[in-house]
Amino acid sequence: MQDSMKVCTGNFGKHAQSIEAYKKLGGYSTISKSLFEMSQFEVIDRVQRAGLRGRGGAGFPTGMKWSFVPRNTGKPVYIVVNADEGEGGTYKDHFLLLEDPHRLIEGLIIAGWALGARTAYIYARGEFLPCIESVNKALNEAYAAGYLGENIMGTKFSFDIFVHRGAGAYICGEETALINSLEGQKGQPRLKPPFPAVAGAWASPTCVNNVETIMSLPWIFSHPVEEYTKMGTPRAHGTKVFCVSGDVKRPGLYEAPLGTPLMEMLTSEEYCQGIIGNLKGVIPGGSSCPPLLPEECENATLDYECMASLKTMFGSGAIIVFNDTHNAVDILDVLGHFYSHESCGQCTPCREGTGFAKRVLDSILRGEGHDGDIELLQGISAGFGGTTICPLSISLGGPLNVYTRKYRADFEEYIAKNPNHAEPRLRPTVRLGAYW
Amino acid sequence: MSNHYNMPHLPTAKSPRVTIEVDGQNVEVPGDTNLLEALKAVGIETPHVCYHPYLPVSGNCRQCLVETEGPRGKALIISCFTPVKEGMKISTPRSSERVKNARAAVSEFMLLNHPLDCPICDKAGECTLQENYVEAGKDTSRLFPEVGKNYHGNPDHQFYDTKGQLRGGKRVDIGPRIFLDEERCVQCDRCVRFMRDVAGDEQLQLALRADKTYITTFPGRKLDHEYDLCVTDVCPTGAMTAKYFRFQQRVWMLSRTATISMDDSLGANIWLEHNNGYIWRVMPRCNPEVNRTWISNTSRLAFQQFAKDRLPVGSLDALKKALAAEGKIAFVLGGSATNEDAAALKTLVNKLGARAEVFVGTFAPVGTPDGISKSGDPVANRAGFALFGFTATAEDLAKRASEFKTLVSLSADLWGSDASKAKALEVIPNRISISAKNDATAKKSSTVYGVNHWSEVSGSMVNVNSILQKLNAAPTSPDAELAPLFSVLFALAGEEVTSAAIAFKKAGEFAPKLAKLSFDAIHSTGELLDGDAAV
């Protein structure tokens with residue numbers, strides 16, 4: 001893919017961190033009179049026509065999300081950039097913030113104008129110290145250059161951006177948990193409704209967007225809409241940044257149009273240049289997505305609809321490839337540890353169930369598995385389905401169900417290591433000793 | 001933790017009615033409430049743990065799941081947070097296997113890391129988890145020894161038991177009145193919400209996350225609040241236990257009597273829970289118009305003094321003789337006296353004629369309402385006394401003490417409330433105390449006569465908001481010879497009245513507002529008296 005067609009990563013490797021370099025590469029060209037002559041609805045309409053979909057994982061149309069934000073409520077509208085990247089396998093926001101912070105600022109100004117917002121927050125994951133440094137430096141430059149602050153470009157539009165450092169909880173990537181954390185409360189998802197678009201941060205209308213979504217805006221506004229819609233599939237336009245990791249020859253961050261065949265991403269010279277060893281499976285969109293078997297990968301394309309038809313998720317575009325040297329039980333155990341550690345502890349099924357699944361997986365790994373453990377794991381997964389406030393329990397529930405189905409042999413092999421695996425289990429006896 | 005501004009809307013008699021489809025049948029439910037309350041109104045109980053009608057909805061237990069049919073197909077939703085809408089289609093476990101399985105799964109998860117020590121748990125018998133398990137749980141355990149439990153608890157309090165299992169903190173002293181059992185906690189968040197949103201003093205919080213979550217106070221602080229014992233009521237498990245009731249009684253041994261706490265003019269509705277003639281604890285009784293489900297520690301712990309320092313029954317003849325003495329008589333009616341007592345006093349005063357005057361209350365100071373279950377006025381039945389024209393206070397009596405030759409304190413501890421103010425009354429030579437307690441006033445009196453305590457009498461009172469409320473007698477009288485105050489006063493007036501119903505009828509003769517009602521017809525949550533009768 002040509003650099004000029006790269007929506008988000010076009011400036012990578014070009015030292016675009018400073019405002020001079022960024023402007024030399026065509027940056028801040030959209031922040032002009034022509035933008036501020038557009039009405040807010042025209043801006044939103046343009047985003048809707050471009051068909052930009054949220055890049056955080058759910059793929060909700062961005063223009064539609066913006067149109068839900070009510071006007072004239074008497075309360076300020078907040079824009080929050082979700083840079084709390086925690087999904088296993090995802091590292092795109094890290095590099096986007098590090099390499100091209102000004103593009104984020106430019107995108108935020110466009111979004112701020114579209115939503116009539118005065119203030120934007122960048123909620124960055126606490127560990128992203130270099131990124132935060134890079135963004136803060138860029139913010140200072142943008143303020144000095146007059147792109148931020150009072151009366152931008154001599155218009156009546158004023159806009160401020162603040163960076164908020166999270167404390168490193170995975171769940172704060174969920175928008176309502178993020179808002180709670182931003183408000184200074186414990187990062188736990190809220191009950192919905194009200195949705196953040198109506199009552200989010202400080203009970204005001206709030207729009208939470210992913211870093212990549214916001215960073216797509218400068219390109220969309222500096223090119224004709226048709227050029228953006230030309231890329232991708234009929235239902236998902238544009239490009240996506242993919243983070244490929246695992247058993248491929250050249251793992252890394254690649255921007256490719258949506259709808260690119262999965263195998264092209266893994267094997268072509270332009271991208272990953274081939275798979276190491278015999279392919280066993282591919283996790284297409286981050287650790288919470290159920291994996292694809294090699295035969296499913298053959299015809300899979302990288303877009304929301306194809307992945308949904310394969311009963312997995314496109315997610316954040318984090319492709320994790322594993323070959324047959326890896327065992328599915330080990331992989332699932334890692335996920336069990338991660339999600340049981342990251343559960344916010346609010347809903348009962350997730351709080352207790354993720355730890356339960358982890359302990360069952362640990363017992364299998366220790367060689368204490370029994371026949372029926374696979375069904376037990378699937379039963380735990382069934383208990384997660386749609387019973388919690390946020391989808392974190394399903395992030396483990398989906399993989400639990402699919403790994404045990406698709407890689408059942410791995411589990412059986414591990415369970416067989418227990419010489420007594422077929423014997424009936426000892427029921428726990430309730431006999432409480434004196435413990436006080 | 002989540003949106004703490006969403007208090008549940010509770011249905012009232014005036015709620016609009018809407019029709020929803022439950023399990024394929026159309027039912028009419030209150031329309032301005034949540035699904036859980038609406039289903040309850042038509043007799044369908046939904047198991048729940050974290051939901052409490054007088055606390056903001058937090059929606060974290062996920063036990064109250066029902067299935068709803070929407071534009072995007074069937075989905076599980078929590079009934080405590082979903083408002084009722086006309087034409088909703090709801091499936092409960094009676095028709096939906098999915099709901100049944102989901103509730104069973106939640107019940108399993110809830111009990112997974114909960115110590116099943118019900119036989120030694122104080123909450124057993126009134127535990128929400130037990131009830132939900134019977135209703136919605138699974139019958140076999142899938143938790144095997146190799147998998148093990150993961151008890152919740154503060155890392156500082158965790159310990160290994162004799163089997164090598166890591167346990168959560170037991171018997172953690174989190175405040176002067178409460179012990180916390182960390183591993184029994186199911187993180188429902190109710191106590192946190194109670195302290196934050198009802199008591200208005202955030203003293204509890206859930207610390208850490210996932211299955212390491214535990215309930216705790218803030219570092220270096222204790223749980224100490226006038227309403228802190230209410231967290232033992234809202235706690236669905238045995239995690240929060242009151243020190244005074246710990247290991248005293250199994251709850252299923254207790255009988256309970258609905259009555260009114262007569263230490264404050266709001267008249268908090270309470271249950272007196274008794275066994276073998278002793279009161280073991282006092283629990284709040286739900287009354288949406290009065291105290292909702294809260295009572296203060298003062299009201300709750302007052303029962304410990306009920307049976308102590310009691311006056312024995314005296315001689316009625318001695319009383320009659322003392323009353324027959326020359327000069328004016330001042331009757332001081334204590335705040336805990338009922339309307340029936342007031343009616344009996346009115347009868348007696350009418351008989352004695354102009355030489356008798358009635359004063360109400362003691363010298364205890366009148367405070368301000370706390371907005372939860374106290375109005376601050378220690379004269380509980382002040383509004384009721386006003387119906388009989390008894391409005392002069394003990395302060396008025398103190399100013400005119402020299403006019404009187406006889407002082408009759410009726411359950412009014414004048415010296416106990418403020419001995420320095422009561423000193424003015426010592427000019428009255430002839431002092432009589434008719435009271436349940438051998439208090440400071442009884443000790444200052446020449447003639448004493450013991451009667452039943454308010455917890456042992458039936459009667460009625462009018463609270464500060466003009467709500468007529470009924471007291472019932474708990475069978476905890478230490479001496480069968482003791483009689484209620486009203487029957488002693490009626491006896492002095494030459495009438496024999498032993499039943500509260502008859503005394504209430506007599507009260508109607510003096511107070512027309514009460515004449516329209518019969519004693520038995522007073523609802524357990526009280527009757528609002530119309531007009532300006534009670535101030």
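Is B:K421 buried, partly exposed or exposed, going by its relative accessibility? Figure 1 takes that one on, and the other views follow from there. Keep in mind throughout that this is a predicted model.

**Figure 1. B:E395 and B:K421 pair up in a salt bridge.** Here the closest N and O atoms sit 3.7 Å apart. B:K421 counts as partly exposed, because its relative accessibility is 36% and partly exposed covers the range between under 20% (buried) and over 50% (exposed).

**Figure 2. Some salt bridges share partners and join into one network.** Look for B:D117, B:D161, B:R167, B:K170, B:D181, B:E183 and B:R184, which are all members of it. Over all chains, the structure holds 53 salt bridges. The general idea is simple: side chains of opposite charge can pair when their charged atoms come close.

**Figure 3. B:E67 and B:R98 meet through their side chains.** This is another salt bridge, at 3.1 Å from N to O. B:E67 sits in strand β3 (residues 65-70) of chain B, while B:R98 sits in helix α2 (residues 97-112) of chain B, so the pair ties together parts 31 residues apart in sequence. What about their surroundings? B:E67 is buried, with a relative accessible area of 6%, whereas B:R98 counts as partly exposed at 37% relative accessibility.

**Figure 4. B:R300 and B:D233 form a salt bridge between two buried residues.** The N-to-O value for these side chains is 2.7 Å. You'll find B:R300 in helix α6 (residues 297-301) of chain B and B:D233 in helix α5 (residues 230-234) of chain B, 67 residues apart, which makes this a link between distant parts of the chain. B:R300 has a relative accessibility of 1%, so it counts as buried. B:D233 also counts as buried, at 18%.

**Figure 5. Five strands of chain B line up in an open sheet.** Reading across, the order is β17-β16-β18-β19-β20, with parallel pairing. At the edges are β17 (356-360) and β20 (447-450) of chain B, each pairing on one side only. On average, neighbouring strands are turned by 15 degrees against each other, ignoring direction.

**Figure 6. Strands β18 and β19 of chain B, with a helix lying across the sheet.** Strand β18 (residues 404-410) and strand β19 (residues 430-435) of chain B pair in the parallel sense over five bridges. One spot to look for is B:S409, which stands opposite B:S433 in β19(B). Helix α14 (residues 485-492) of chain B lies across β16 (328-333), β18, β19 and β20 of chain B, and runs at about 135 degrees to β19(B).

**Figure 7. Domain 1 of chain B meets domain 2 of chain B.** Chain B is divided into domain 1 (17-112), domain 2 (114-141 + 151-247) and domain 3 (316-528). The C-alpha centres of domains 1 and 2 of chain B lie 26 Å apart. At the interface, 22 residues of domain 1 of chain B are in contact with 21 residues of domain 2 of chain B. Between them, domain 1 and domain 2 of chain B bury about 1700 Å², 59% of it on carbon and sulfur atoms. On the domain 1 side, B:V49, B:L55 and B:L111 lose the most area, together 33% of what that side buries. And salt bridges? Across this interface between domains 1 and 2 of chain B, the rule finds zero.

Technical notes: Residues numbered from 1 in each chain as written. Chains lettered and ligands numbered in written order. Predicted model: local features only at pLDDT ≥ 70, side-chain atom pairs only at ≥ 80, totals over all residues. Heavy atoms only, no water. Pairing = 2+ DSSP bridges. Helix = DSSP H or I, 4+ residues; strand = E, 2+ residues; numbered from the N terminus. Axes fitted to C-alpha atoms, helices over the stretch in contact; angles between N-to-C directions. Contact = heavy atoms within 4.5 Å. Salt bridge = Lys/Arg side-chain N within 4 Å of Asp/Glu carboxyl O. Buried < 20%, exposed > 50% of the residue type's maximum accessible area, 1.4 Å probe, protein only. Domains from an automatic or database assignment. Buried area = accessible area lost by both parts, 1.4 Å probe.
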